[in-house]
Each structure stands twice: as structure tokens, then as C-alpha cells.
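Work through the exercises below with the sequence and the model at hand, and try each task before reading its solution.

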Amino acid sequence: MASKQMRCPECGSAVAANDIRSPSFTCKQCHRELSMPRRYWLIVRLSTVPVAFLLCFALGLRGIMLFVVCAAALPLVGGLVVIPLSYRLFPPTLERYLPEGSLGLGSK
Ligand SMILES: [Zn+2]
């Protein structure tokens, strides 16, 4: 299945998933600061919880251990499973990075 390539909104060059950082990262071609849409991050982070829960449940964990191990495994499951999978299946539309409190009225 061919997935949509993530592209820089400023110069249109392809952006690799490995280059994406939070809260911002630099385009290797035009050196503009880019970011993920906040809504995308929120959805990815929220979807990590049920995935971690199902993985821990599938591993046979039950009761309080299910919740303890699930909570401890959230960063791992997010970083190794949910984020790479969502980049591949539902690549985000990258946007220019606007720092907190900025109105985006700076340089173009
Ligand atoms: Zn660029």
C-alpha cells in the first residue's frame, strides 16, 4: 500500500518520519521550522492508550498488573508502535511551526 509522502509546506520537499521532532523540526531543504498539527499529536497520543491496553491484555496481564504495566508501557508503545504506524497509515499534513503565543506574523 502506497502511503502519502509527508511534505514540507514551504518548499514541497519530502520529509522523512525520522526527521520529525516535537514540538518542531527543521526542513532539510529550506531550513524552515515545521511542526505537526496539534490535533494530530493529540489523536496519536490518545490512541496509544487503547493500543497499549490491548497489547498488555494480549500478553496475558490481568487485574492491577494490567493497568500498572500498561501505564508504564505507554511511552514505549507510542514510540515503537503507534507513532510509526500512524505516520505510515495516516501521514499528517505538516505545517509551519508557530511558537506558543505567536500570531505567525514574523518572517514568511
Ligand atoms: Zn522545506
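The model is a predicted one, in which local features need pLDDT of at least 70 and side-chain atom pairs count only at pLDDT 80 or more, while totals for chains, interfaces and linings use all residues. Residues are numbered from 1 along each chain as its sequence is written.

**Exercise 1. Apply the 1.5 Å a residue test to α2, and then find at which residue α2 bends.**

Solution. Helix α2 covers residues 63-89, and a straight helix of its 27 residues would reach 39 Å. The end C-alpha atoms of α2 are only 32 Å apart, short of that value. Next, look for a bend, defined at a residue as the angle between axes fitted to the seven residues ending there and the seven starting there. Such a bend, of about 55°, is found in α2 at valine 77.

**Exercise 2. Which residues of α1 and α2 are buried, and against what do they pack?**

Solution. A residue counts as buried if 20 or more other C-beta atoms, placed from the backbone, lie within 10 Å of its own, as exposed if there are 12 or fewer, and as partly exposed in between. In α1 (38-58), the buried residues are Thr48, Ala52 and Cys56, and they pack against α2. In α2 the buried residues are Cys70, Ala73, Val77 and Val82, and these pack against α1. Taking contact to mean C-beta atoms, placed from the backbone, within 7 Å, the residues of α1 that meet α2 include Val44, Thr48, Ala52 and Cys56, and among their partners in α2 are Cys70, Ala73, Val77 and Ile83.

**Exercise 3. Describe the crossing of α1 and α2 by angle, axis separation and hand.**

Solution. Axes are lines fitted to C-alpha atoms, for helices over the stretch in contact, and angles run from 0 to 180 degrees between N-to-C directions. On this basis α1 and α2 pack at an angle of about 120°, with their axes 7 Å apart. That makes α1 oblique to α2, since angles under 35 degrees count as roughly parallel, over 145 as roughly antiparallel, 65 to 115 as roughly perpendicular and the rest as oblique. The crossing is right-handed, a term for the near helix being turned clockwise from the far one by less than a right angle, with anticlockwise giving left-handed.

**Exercise 4. Is isoleucine 83 buried, exposed or partly exposed, and what does it contact?**

Solution. Isoleucine 83 lies in helix α2, and it is partly exposed, because 19 other C-beta atoms lie within 10 Å. Leaving aside neighbours within four places in sequence, isoleucine 83 is in contact with Val44 and Gly78.

**Exercise 5. Examine the backbone at proline 23 and histidine 31.**

Solution. Most residues other than glycine have a negative phi, and most peptide bonds are trans. The peptide bond from serine 22 to proline 23 is cis, with omega near 5°, and proline 23 lies in the segment before β1 (25-26). Histidine 31, in the loop between β1 and β2 (33-35), has a positive phi near 60°. Histidine 31 is exposed, with 9 other C-beta atoms within 10 Å.

Definitions and conventions. Helices (H or I, at least four residues) and strands (E, at least two) are DSSP runs, numbered from the N terminus. The expected span of a helix is 1.5 Å times one less than its number of residues. Two residues are in contact if their C-beta atoms, placed from the backbone, lie within 7 Å.
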